[in-house]
Amino acid sequence: DIHKFRVEVKCLRSFLRLLNMDMCTSQFKLPKKFKALYDIAGEIRQAQLETDTLKKRELPFPTYQQHLQNIISDKRKEWKKRYSKTIIKGFEDEFTSALPAKLQYDTLTGFFGTCLKEINSILMVEPDNDQIHSYRKRIKDMLYLAKIAADYWAGGYKTLSKFPLKQLDHL
């Protein structure tokens, strides 16, 4: 499922940003070939969402609907052409070998604090589109990392109790 793939990659990217902050580096990134697959999936997903919107609203735009179907078909072909298990396996091997042995709880809370500071600075003025995008990205980072911590790192998740996670989910 394309949506699930994209959400999982977004969780992974949030985790990579956490690691980069913790290690004061930018070494943790999605490889170009992996990112290309993610981008292809994004184009397919966007065309699917637009198609669904047209159907739900019963908007008769057959030429545009055909255009969206062509995008979906072309991008699926491109995915099949570019996809290889070695892309995923290579990234997994490289990533797991570079992981730190342990993350400290304050790494997670520090990341959340940094995100909240960035959000607050954006909200001090009338935000432009780029700032709104950055704001949403930081909120999603926090939500994705909270989910990861809840699922895999109970001690880390407990340290997040001072953050307004439920309120973030409504923004």
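The questions and answers below concern a predicted model.

User: Which secondary structure elements build the chain, and in what order do they run?

Analyst: In this predicted model, the secondary structure of the chain comes to eight helices and zero strands. The C-alpha atoms fill a box of roughly 55 × 45 × 25 Å along the principal axes. Read from the N terminus on, the order of the elements is α-α-α-α-α-α-α-α.

User: What share of the residues of the chain counts as buried, and what share of the contacts with a separation of 6 or more comes from residues 24 or more positions apart?

Analyst: The chain has 171 residues, and the buried share of them is 32%. Among contacts with a separation of 6 or more, the part that residues 24 or more positions apart account for is 74%.

User: Which residues have the most contacts inside the largest nonpolar core?

Analyst: In soluble globular proteins, nonpolar side chains tend to be buried together. Here the largest nonpolar core has 30 residues, and H1, helix H2 (32–56), helix H4 (85–98), helix H5 (105–123), helix H6 (129–152) and helix H8 (165–168) each supply at least two residues of this core. A second, separate core of eight residues includes Ile44, Ala47, Leu54 and Leu68. Inside the largest core, the residues with the most contacts are Phe112 and Leu160.

User: Which residues does Phe112 touch, once those up to four places away in sequence are not counted?

Analyst: Phe112 is, with Leu160, one of the residues with the most contacts inside the largest core. When residues up to four places away in sequence are not counted, Phe112 touches Met142, Leu145, Ala146, Leu160, Phe163 and Leu165.

User: How are H5 and H6 oriented to each other?

Analyst: Two packed helices are described by the angle between their axes and the distance between the axes. For H5 and H6 the axes are 9 Å apart and the angle is about 160 degrees, while H5 passes H6 in a left-handed crossing. Residues that meet between the two helices include Phe111, Phe112 and Ile119 in H5 and Asp141, Met142 and Leu145 in H6. Since angles over 145 degrees count as such, H5 and H6 are therefore roughly antiparallel.

User: How do H1 and H2 stand to each other, by contrast of angle and orientation?

Analyst: The axes of H1 and H2 come within 9 Å and cross at roughly 135 degrees, and this crossing is left-handed. The contact is made by residues including Phe5, Val9 and Arg13 of H1 and Phe34, Tyr38, Ala41 and Ile44 of H2.

User: Is Ser14 buried or exposed, and what is the length of the polar contact that joins the side chains of Ser14 and Asp141?

Analyst: Ser14 is found in helix H1 (residues 2–22), and because its relative accessible area is 0%, Ser14 is buried. Leaving aside neighbours within four places in sequence, Ser14 is in contact with Phe111, Lys140, Asp141, Tyr144 and Leu145. The polar contact that joins the side chains of Ser14 and Asp141 has a length of 2.6 Å.

User: What separates the C-alpha atoms of Phe111 and Met142?

Analyst: Phe111 has its place in helix H5, and because its relative accessibility is 5%, Phe111 counts as buried. Not counting residues up to four places away in sequence, Phe111 touches Ser14, Arg17, Leu18, Met21, Asp141 and Leu145. Phe111 and Met142 are 31 residues apart along the chain, and their C-alpha atoms are separated by 8.3 Å.

User: What value is phi of Cys24 near, and what value is phi of Glu58 near?

Analyst: Most residues other than glycine have a negative phi. Cys24, in the loop between H1 and H2, is exposed because its relative accessible area is 75%, and Glu58, in the loop between H2 and helix H3 (62–82), is exposed because its relative accessible area is 69%. Phi is positive in Cys24, near 50 degrees, and phi is also positive in Glu58, near 50 degrees.

User: Which residues is Arg76 in contact with, leaving aside its neighbours within four places in sequence?

Analyst: Arg76 has its place in helix H3, and because its relative accessible area is 41%, Arg76 is partly exposed. The C-alpha atoms of Arg76 and Ile119, 43 residues apart along the chain, are separated by 37 Å. Leaving aside neighbours within four places in sequence, Arg76 is in contact with Ile44 and Gln48.

Key. Residues are numbered from 1 along each chain as its sequence is written. This is a predicted model: local features need pLDDT of at least 70, side-chain atom pairs count only at pLDDT 80 or more; totals for chains, interfaces and linings use all residues. Side-chain values use heavy atoms; hydrogens and water are left out. Helices (H or I, at least four residues) and strands (E, at least two) are DSSP runs, numbered from the N terminus. Buried means under 20% relative accessible area, exposed over 50%, partly exposed in between (1.4 Å probe, protein chains only). A polar contact is a pair of N or O atoms within 3.5 Å; within protein, one must be able to donate a hydrogen and the other to accept it, and residues adjacent in sequence count only if both atoms are side-chain atoms. Contact means heavy atoms within 4.5 Å. A nonpolar core is a set of buried Ala, Val, Leu, Ile, Met, Phe, Trp, Tyr and Cys residues joined through side-chain atoms within 4.5 Å. Axes are lines fitted to C-alpha atoms, for helices over the stretch in contact, and angles run from 0 to 180 degrees between N-to-C directions. A crossing is left-handed if the near helix is turned anticlockwise from the far one by less than a right angle, and right-handed if clockwise. Angles under 35 degrees count as roughly parallel, over 145 as roughly antiparallel, 65 to 115 as roughly perpendicular and the rest as oblique.
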